[in-house]
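Here is a short report for a reader who is new to this structure. Keep the sequence and the 3D view at hand while reading.

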Amino acid sequence: MSVEAGVARGSGAAQAWRGLGPWLGAQVGAQSERWTLWTPVAFGVGCGLYFGLLREPQLWVAWALLALTAGLLACTRRSPDRVVTMALVLAACMTGGFAVAKLRTDAVKAPVAQAGARPQWVDAWVVDIASPGQGGQRLLLAPVSVGDWAARATPIRLRVTLRPGTTLPRPGDAVRVLAILNPPPPPAAPGAYDFARDAYFESMGAVGLALRSPEATSFERPAPWRLRLSMRVNAARWALTHRIVESLGPETGGLAAAMTTGHEAFIPREQVDALRAAGLAHIVSISGLHMAIVGGFVFAAARLAIAAWPWLALRLHGKKAAALVGLAAVGGYLVLSGAPPPAERAAITAAAAFAAILVDRQAISLHALALAAMGVMLLQPEAVTEPGFQMSFAATAALVALAEIWPRPVREIDVPWPIRAVQAAATWTAASIAVSFVAGLATGPFAIQHFNRVSTWGLLANLAVAPVSSFLMMPGLAIGAALTPIGLGQAPLEVAGWSIGLMMRIAESTAAAPGSQVVVASAPGWALPASFIGLLFVCLWRGPLRWIGLPVAAAVLWAPRPPTPEVWVAADGAAVAVRDGADAILLRPDVKLFGAELWARRRGLAPVASEAARDAVFACDRWSCAPQPGAPVELSAAWNLRRPLKPGRLEALCAQAEIVILRNDFRPESCAAPLVLTGRDFAAGGSAELYRTKGGWRIVWGQDQRGRRPWTWGYDPR
């Protein structure tokens, strides 16, 4: 290459670099009208930083951050540059999010039951019928008294699982029940979903198991007026649930009731499994989809009714009047559903859209979504930790961003109606495919990280169900629920029931298809926040630079998975699972099955193996297990040392294993095993994962992952 060519090439590169600066400046300048969209993101980051702490900060930290927030906002008035102003506002939102989360935590503080309590007689009001668990039907109770517990130590709310076959009382009944109560359970595995944190913010201070059926009783004093109002609403919801189930029958009535009133007590387990395998489980939970369909249907119907009456249409702003009616419908549906957190978030989002119409703004926009997200986090900053909030706003942001770039073809004049019908069908089909595809991509990282399931055919199932749910099922349920109290709801409920039957046939066919579900291990903890930020960057940034966020949004997919542990132990030491290649072997198949399956999915293992697979490598009786030749881990476990084992059994367990797990607080001095874990260890550390290393065994405890927070064991505010 000649000297002249080298000089020319160097000058060309210099010119390219000089041209890059103005281009980047233009890209940043194009965001001048969108930087406010990042304020809820910054607020959410502040909330997330608070909940990510391992130790609870003092209250003065929140007040100091609020003062800093006010100071940052005051500085924006003297800011000489718009970029500096943006930075100050975003910093203020971040510090404000941290402070609001701390103040909310202190505001909802309530008594929590102590672990290991003896059975207690609970006198309580039945607040609601909670969703059933694997153990059976459950009641949400407002206790008046609990045994000999002091009033200041009595939880505000508690949840009790009933014995199989127990007749359910109604919301508003006064009952007396003998139950074993414990604090809300910790995560089933280190780093897994923390139910105790959610229970803390719902003032649920205890969960328990009823030892007898609830007995009717009475109290001298009536319940507080707010509790009475809540119970009356829940009683009306429960009565409507029974009417729907009786009207449609158990096959479709359970799902219809769940999507109308939020009560899931009558859904067959097989239907839930089929919907989950088909990627349609989100339809059961009342959330954004239901609020959007009900609010949109009522809005469209009201606007059409106003337009069909010329006298009224000339004297009333049809769009705004319909928005008020839609807003009322959303509020009514929120009350009817029992106002679970997902429904509350969806109602706030829908209310923001209708409010935008009332003030002559675009209803569906990223600015309206940002306003709704900020409203949710101001009221419930803990929502940033919940999968429902993350998935809902991720999907909505992606769909609104899609709507911004969706091409709007010019409509021809005087086109024959058959051609127009074909064009409309093609447009609707393309839009449905795009919506399902984009929503699936947006929620995919969260589904992988939280639930570790990927529905292979979920996109096709959602495409098939979307028109049924949007145009038949949800409108039928909305009209049927409104007309049932006056005896006119049978016809629309029948339409909804037929739609649910069709949806279940689609779900069952999809679930039975080859490879309908794929289990994917959870990524490291940093991957999901990175995916969320990357997705928001793609949605909120305007211009070609938005695609920089795409590989970041896929962090959950490409992030290297951590090593798989060899052993999992439940938080109380009552269950143990061992990894055997890609399988998980549960030593007590009838105990803690839910926790073992959750751990196996988080680590990318196959479903828990059968009892026959366990017996091939472990010798187990009712109270203990010992390794056999070929066992993947030389592990022994004893479940209950209060009852004596056979003579020499405990010594044999210690002699033939490298790990011994004893559920109770007992450690024989003669135990020769290198590693012995007892009840005292689990009381302090919670659930555990054991990793084999060159020097022995490394233990990861669940409590170490949770830290010392108000919703964890051993928290001391001092």
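## The disulfide

The torsion about the S-S bond of Cys620 and Cys625 is about 115°, so this disulfide is right-handed. The model is a predicted one. In it, the sulfur atoms of Cys620 and Cys625 lie 1.9 Å apart. A disulfide requires two cysteine sulfurs within 2.5 Å. By that rule, the count is one disulfide.

Cys625 is buried, and its relative accessible area is 1%.

Cys93 takes part in no disulfide. The nearest cysteine sulfur to Cys93 belongs to Cys47 and is 10 Å away. Cys93 is buried, with 14% relative accessible area.

Cys539 is in no disulfide either. Here the nearest cysteine sulfur is that of Cys93, at 19 Å. With a relative accessibility of 4%, Cys539 counts as buried.

## A five-stranded sheet

Which strands form the open sheet, and in what order? The order is β12-β13-β14-β15-β16, five strands with mixed pairing. The edges are β12 (618-620) and β16 (675-677). Each has a single partner strand, so one side of each is left without a neighbour in the sheet. On average, neighbouring strands of this sheet are turned by 15° against each other, direction ignored.

Strand β14 covers residues 635-638, and strand β15 covers residues 659-662. The two pair in the parallel sense, over four bridges. Ala637 stands opposite Ile661 of β15.

## A nonpolar surface patch

Which residues make the nonpolar surface patch of about 520 Å²? They are Trp428, Phe471, Leu472, Val495 and Trp498. Two helices, α16 (458-483) and α17 (490-512), each supply at least two residues of the patch.

Leu472 is a patch member and is found in helix α16. Is Leu472 buried or partly exposed? Its relative accessibility is 33%, so Leu472 counts as partly exposed. The cut-off for a patch residue is over 30% relative accessible area.

Methods. Residues numbered from 1 in each chain as written. Predicted model: local features only at pLDDT ≥ 70, side-chain atom pairs only at ≥ 80, totals over all residues. Heavy atoms only, no water. Buried < 20%, exposed > 50% of the residue type's maximum accessible area, 1.4 Å probe, protein only. Pairing = 2+ DSSP bridges. Axes fitted to C-alpha atoms, helices over the stretch in contact; angles between N-to-C directions. Patch = residues over 30% accessible without salt bridge, like charges linked within 9 Å, V, L, I, M, F, W, Y side chains within 5 Å. Areas by Shrake-Rupley, 256 points an atom, 1.4 Å probe, with all protein chains shown as cover. Salt bridge = Lys/Arg side-chain N within 4 Å of Asp/Glu carboxyl O.
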